Amino acid sequence: MTKDRIRTFTMANRAAWDASAPLHGTGAHWEQLLADAARSGFSVLDAHLTATLRQLDLSGKTAVQIGCNNARELLSLAALGIRPEMGIDQSSAFLAQGRQLANAAGVQLRLVEADIYDLPTGLGSFDLALITIGVLNWMPDLEAFFRVVAGLLSGGGRLVIYETHPFLELFDPASARPHEPAFSYFETQPQEVNEAIAYDGQDHGAGETGYWFIHPLGDIVTACIRAGLRVVELTEFPHTIREPEYDIYEGRAAQVPMSFCLVAQKDAAL
């Protein structure tokens with residue numbers, strides 16, 4: 001994919017996220033998050049991601065989160081003894097919320113506003129790169145994305161991805177037949193997202209148009225390997241980590257995969 005085409009998608013997605021930020025930075029939920037961030041041991045990480053990070057023995061190590069949103073997950077790493085140092089996101093509005101949370105937590109963070117495909121130089125390297133739910137599907141070019149991610153890792157550094165499973169992208173929970181596939185697993189055309197982006201499952205009306213990409217699991221793993229990272233572990237889960245409307249696919253006798261966690265490592269010599 002050309003740089004100009006990538007930029008067209010990323011600029012549209014930046015506008016979509018900036019427009020949705022006010023939905024997340026006000027109200028009772030936001031006030032509770034600010035209060036929680038100020039408490040010792042603050043963490044919004046679930047048991048599965050927490051267990052994965054503990055097993056990697058990253059205490060005292062440095063971390064960067066790519067697509068950090070308001071930095072709530074990045075700040076949560078401190079409860080595991082990991083040093084949250086940098087968050088990267090292209091939404092200035094969400095990064096502003098991240099600064100508020102960091103101030104509440106008393107944590108010094110460097111929050112960088114940038115297109116991941118066009119990062120400023122001199123950002124440094126880190127022992128852990130974290131990517132969580134709702135990042136990969138906004139990326140128009142996986143191979144270019146993972147090359148950038150690999151460049152942010154120190155030799156021997158680990159990448160941890162905890163994301164929605166691509167198989168779940170086949171289904172539309174709002175359709176008349178939500179358990180029948182509505183999309184192709186191998187769809188290569190970007191999907192327009194015209195509604196305001198929210199996590200609560202509520203309709204908040206129209207937003208700026210963004211673009212969502214369906215990336216099969218094989219493409220994710222292959223792009224990671226081609227970036228020079230060694231896949232250490234890939235775990236698939238039957239639980240959902242995305243919007244509540246997807247809860248209807250959980251806890252069934254014929255269970256589909258709903259999320260996954262991939263751990264990869266950069267060669268120590270690189």
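This briefing covers the cores, a pocket, a cavity and some single residues of one structure. The model is predicted: local features need pLDDT of at least 70, side-chain atom pairs count only at pLDDT 80 or more, and totals for chains, interfaces and linings use all residues. Residues are numbered from 1 along each chain as its sequence is written, and side-chain values use heavy atoms, with hydrogens and water left out. Helices (H or I, at least four residues) and strands (E, at least two) are DSSP runs, numbered from the N terminus.

**Nonpolar cores**

- The largest nonpolar core has 45 residues. A core here is a set of buried Ala, Val, Leu, Ile, Met, Phe, Trp, Tyr and Cys residues joined through side-chain atoms within 4.5 Å.
- Buried means under 20% relative accessible area, exposed over 50%, and partly exposed in between (1.4 Å probe, protein chains only).
- Ile66, Ile88, Ile131, Leu136, Phe145, Phe146 and Leu159 touch the most other members of the largest core.
- Two or more residues each come to this core from β1 (62-66), β2 (83-89), β4 (126-132), α6, β5 (153-164), α7 and β9 (259-266).
- The top contributor is α6, with 6 residues.
- A second, separate core holds 31 residues, including Leu53, Leu74, Ile82 and Val160.
- In soluble globular proteins, nonpolar side chains tend to be buried together.

**Leu136 and the cavity**

- Contact means heavy atoms within 4.5 Å. Leaving aside neighbours within four places in sequence, Leu136 is in contact with Ile131, Leu142, Phe145, Phe146, Ile161, Glu163, His215, Ile220 and Phe260.
- Leu136 also lines the largest cavity, along with Asn137, Glu163, Thr164, His165, Pro166, Glu169, His215, Ile220 and Phe260.
- A search of the whole structure finds 1 cavity of 30 Å³ or more. The largest cavity has a volume of about 60 Å³.
- On a 1 Å grid over the protein atoms alone, a cavity is a set of points where a 1.4 Å probe fits but cannot get out, and a pocket is an open set with protein on both sides within 12 Å along at least five of seven lines; lining residues have an atom within 4 Å of a point.
- Grid points are joined across faces, edges and corners, and a volume is the space filled by probe spheres set on the points.
- The cavity lining divides into 4 nonpolar, 4 polar and 2 charged residues. Ala, Val, Leu, Ile, Met, Phe, Trp, Tyr, Cys and Pro count as nonpolar, Asp, Glu, Lys and Arg as charged, and the others, Gly among them, as polar.

**Second largest pocket**

- About 350 Å³ of space lies in this pocket.
- Its lining has 19 residues, with Pro140, Thr188, Ile214, His215 and Asp219 nearest the centre.
- Elements giving two or more lining residues are α1 (3-20), α6 (142-151) and α7 (217-226). The largest share, 3 residues, is from α7.
- By class, the lining has 10 nonpolar, 4 polar and 5 charged residues.

- Trp30, Leu33, Leu34 and Ala37 are buried in α2 (residues 27-37). They lie on the same side of α2 because they cover an arc of only 100° around the axis, taken from the directions from the helix axis to the C-beta atoms.
- The buried residues of α2 pack against α4 (72-76) and α5 (92-105).
- Thr52 lies in α3 (residues 47-55) and is buried, at 8% relative accessible area.
- Not counting residues up to four places away in sequence, Thr52 touches Val160, Cys261 and Val263.

**Positive phi**

- Asp57, not a glycine, has a positive phi of about 55°. Asp57 sits in the loop between α3 and β1 and is exposed, at 59% relative accessible area.
- Ala71, not a glycine, has a positive phi of about 70°. Ala71 sits in the loop between β1 and α4 and counts as buried, at 0% relative accessibility.
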